[in-house]
Amino acid sequence: MTNKHGDFIWYELLTSDSDAAQEFFASIFGWTFQDSGQQDTDYHIIGATEGEIGGLIPLTDDMKSGGARPVWLGYIGVDDVDATAAAIVNAGGTIHMPAWDIPNVGRLAMAADPQGAPFYVMRGASDEESHAFAYDRPRPGHCAWNELATSDRPGAMRFYGDLFGWKKDGEMDMGPMGPYEFLRRADVEGMFAGVMTKTKEMPVSLWSYYFRVADIDEAVGRTQAGGGQIIVDPIEIPGGEFSVNAVDPQGAMFAFIGPRK
């Protein structure tokens, strides 16, 4: 793995309708979907304009019976999956799926922070650098921003900072909601994520992932035409672009960023 410890390296959609989800997201982001070729697993690789950015997997009956619902999950690259999993537990987090190996893919574990927000940690087998999160420049269809809404913002900042070396890089006042804190990786310039206190309407702490579109209003129209729901209308963000929060027809929350043309 050539990415640094603490980089977001992959994004994954768990969905109740794989075919419908593929059609929906392809219409918005122009993504392609290719069967992974993994035996006994219905897993599709999501391709964007400049490479692979994630995967799509249907929820099984066992997952549903265990309480799983459609959701986007992020993968954070780490130097040592087992050591990181132990550190997560020691810091008050939870391991939902203990570390396991996928041949030719890597070693990974599914976890949740102390407030319950789920994520994966992974040590990839490939030496190819991941651009699933476009940290270097805008890449259409790639993730442009990672955002955590949490019930304990100071606690979350400590948890992720200790685990991955993330550092605060300024904040934005959000009035009664408190500050929106920006994050950067310890030895890399540029912000990649934000942490905010979740609203009372948000049922759980959760990560959201913002994917880049070429035209924010066109993406809104395609979301609605495909049966999705806009939760937060386009709002201007620092830099002059706009962001939107939405829910897909199967109930998975997602978001996108782009200019208004």
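In which sense do β1 and strand β4 (residues 51-58) pair, and over how many bridges? The pairing is parallel and runs over 5 bridges. The legends below describe close-up views of a predicted model.

View 1. Strand β1 covers residues 8-15 and is mostly covered, with 8 of its 8 residues buried. On the β4 side, where the two strands run parallel, T15 stands opposite P58. The pairing of β1 with β5 is antiparallel and is made by 6 bridges. In that pairing, L14 has V71 of β5 as its bridge partner.

**View 2. The open sheet that contains β1.** This sheet is built from 8 strands in the order β2-β3-β4-β1-β5-β8-β7-β6, and its pairing is mixed. The strands at the edges are β2 (32-35) and β6 (94-102); each has a single partner strand, so one side of each is left without a neighbour in the sheet. On average, neighbouring strands of this sheet are turned by 25° against each other, direction ignored.

**View 3. Strands β5 and β8.** Strand β5 (residues 71-77) and strand β8 (residues 118-124) run parallel and are joined by 3 bridges. G77 stands opposite M122, a residue of β8. Besides this parallel pairing with β8, β5 pairs with β1 in the antiparallel sense.

**View 4. Surroundings of D113.** D113 lies in the loop between β7 (106-112) and β8. The relative accessibility of D113 is 2%, which is under the 20% cut-off, so D113 counts as buried. Leaving aside neighbours within four places in sequence, D113 is in contact with G93, F119, L148, F159 and Y160. D101 is 12 residues away from D113 along the chain, and the C-alpha atoms of the two are separated by 22 Å.

**View 5. The crossing of helices α3 and α4.** Helix α3 spans residues 81-90 and helix α4 spans residues 153-164; their axes come within 10 Å and cross at roughly 155°. This angle is over 145 degrees, which makes α3 roughly antiparallel to α4. The crossing of α3 past α4 is right-handed. T84, A87 and I88 of α3 meet F159, L163 and F164 of α4. By class, this contact holds 5 nonpolar residues, 1 polar residue and no charged residues. F159, one of the α4 residues that meet α3, is also among the contacts of D113.

**View 6. The open sheet from β9 to β16.** Here 8 strands form an open sheet with mixed pairing, in the order β10-β11-β12-β9-β13-β16-β15-β14. Its edge strands are β10 (166-173) and β14 (229-236), each of which pairs on one side only. Neighbouring strands of this sheet are turned by 25° against each other on average, direction ignored.

**View 7. Strands β15 and β16.** Which way do strands β15 and β16 run relative to each other, parallel or antiparallel? Strand β15 (residues 242-247) and strand β16 (residues 253-258) run antiparallel, joined by 6 bridges. M253 in β16 is the bridge partner of V247.

Technical notes. Residues numbered from 1 in each chain as written. Predicted model: local features only at pLDDT ≥ 70, side-chain atom pairs only at ≥ 80, totals over all residues. Heavy atoms only, no water. Pairing = 2+ DSSP bridges. Helix = DSSP H or I, 4+ residues; strand = E, 2+ residues; numbered from the N terminus. Axes fitted to C-alpha atoms, helices over the stretch in contact; angles between N-to-C directions. Parallel < 35°, antiparallel > 145°, perpendicular 65-115°, else oblique. Left-handed = near helix turned anticlockwise from the far one by under 90°. Contact = heavy atoms within 4.5 Å. Nonpolar A, V, L, I, M, F, W, Y, C, P; charged D, E, K, R; others polar. Buried < 20%, exposed > 50% of the residue type's maximum accessible area, 1.4 Å probe, protein only.
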